[in-house]
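Jotting things down as I go.

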Amino acid sequence: EQSIKKQLVHALTNAGDGYISGQYLAEIAGCSRTAVWKHIDALRKEGFEIEAVKKKGYRILPRKDRLTETEILIGLKTDFIGRSIHAYESVPTTQTIASELAAKGAENGTLVISEEQTEGKGRLQRVWHSPHQGGLWMSLIVKPDIPPYQAPRLTLLTAVAAVLAMREMGVEAGIKWPNDVLVNGKKIAGILTELHAESDQIHSVVIGIGINVNQQPEDFSTDIKSIATSLAIEKGENLDRVIFLQSFLAKFEDLYVTFLAEGFSPIKEQWERYSITIGKRVTATTAQKSLTGYARGINEDGALVVKDEHTNEEQLIYSGDITI
Ligand code: BT5
């Protein structure tokens, strides 16, 4: 099913603004002309604009930046990340859907994505604004064979993937520990990692990623207007979300495979390279304490190492927020 649709879109896209006959499409896809017609109809329901003209055939109109399964799969260069896709128009939060899918045995790398979230979540019951205009709101299900205490490393790995994808698009993003991606001091993406595990075994990790892509300043609600930015604002032009997403997923997969094969060091190295936290005087606030000092780096677990300026002792911050 999926592959016939994929082949049809592929052939139509390759033809540019030319027409392809139903007969020829049927040959390419290895199905009947009636099946071609049915699949074209299904693609239209997914939001593709496909014109049918008698005696000429079919023609696809330029795509309209839609986040559908077919759009995402065409041109996706990964082996397992984002190969199984659940795409929605509007959901409360992709995190809950992903958790439910994970509990039902969803495969490693499953992507849940929505054009809009009505109850997008940040950490610690905070809100993640996920309006319909131009963001990427998604959750990835992964099932790494690592002990649960190492799961925070995946948050850092995800931040590196986001930064690499943004830099490839010409946007100089940096990472603020633990989970913020910033450009020029403003937040462009956030990551929320949720663990489904027993004490010594991970069942699945649901990594939620929110990336502001095509919002304009007026699309941000008043409470985040001064602290948030988007790729479009930074670049001065809109981006194709699907292409950005495909690049992000490929980078995530690369880093993830490297992490499982070689350990955290190569990831840590890249995280530190793009960090805007390391080498700064920071104030770290955790559930237990608040301290100020010099941020030296992260350790192998992804904890932030801060030299407390009152005691002169190094402290490890495993979770919390920092201000720079
Ligand atoms: C985060 O939390 O940054 C994690 C955000 C994770 C969002 C993704 S979207 C897909 C998946 N489904 C979900 O429901 N969530 C995940 P935290 O570090 O707690 O930051 C939250 C704070 O960021 C808020 O209190 C706001 O100040 C700010 N914020 C909220 N929405 C924003 C946006 N769209 N852009 C920039 N900043 C935002």
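My notes on the model follow.

This is a predicted model, so I kept to its cut-offs: local features need pLDDT of at least 70, side-chain atom pairs count only at pLDDT 80 or more, and totals for chains, interfaces and linings use all residues. Residues are numbered from 1 along each chain as its sequence is written, and side-chain values use heavy atoms, with hydrogens and water left out.

**Ligand site.** Then I went through polar contacts (a pair of N or O atoms within 3.5 Å). Glutamine 117 puts a polar side-chain atom 2.8 Å from a ligand nitrogen. Backbone polar atoms of arginine 123 and histidine 129 each sit 2.9 Å from the ligand, the former from an oxygen and the latter from a nitrogen. The protein covers 92% of the 800 Å² of accessible area that the ligand has on its own (Shrake-Rupley method, 1.4 Å probe).

**Threonine 94.** Is threonine 94 buried or exposed? I find it buried, at 1% relative accessible area; buried means under 20% (1.4 Å probe, protein chains only). Leaving aside neighbours within four places in sequence, threonine 94 is in contact with Gln117 and Trp137, among others (contact: heavy atoms within 4.5 Å).

**Core.** The largest nonpolar core has 65 residues, and Met166 and Ile211 have the most contacts inside it. Such a core is a set of buried Ala, Val, Leu, Ile, Met, Phe, Trp, Tyr and Cys residues joined through side-chain atoms within 4.5 Å.

Note on methods:
Buried means under 20% relative accessible area, exposed over 50%, partly exposed in between (1.4 Å probe, protein chains only). A polar contact is a pair of N or O atoms within 3.5 Å; within protein, one must be able to donate a hydrogen and the other to accept it, and residues adjacent in sequence count only if both atoms are side-chain atoms.
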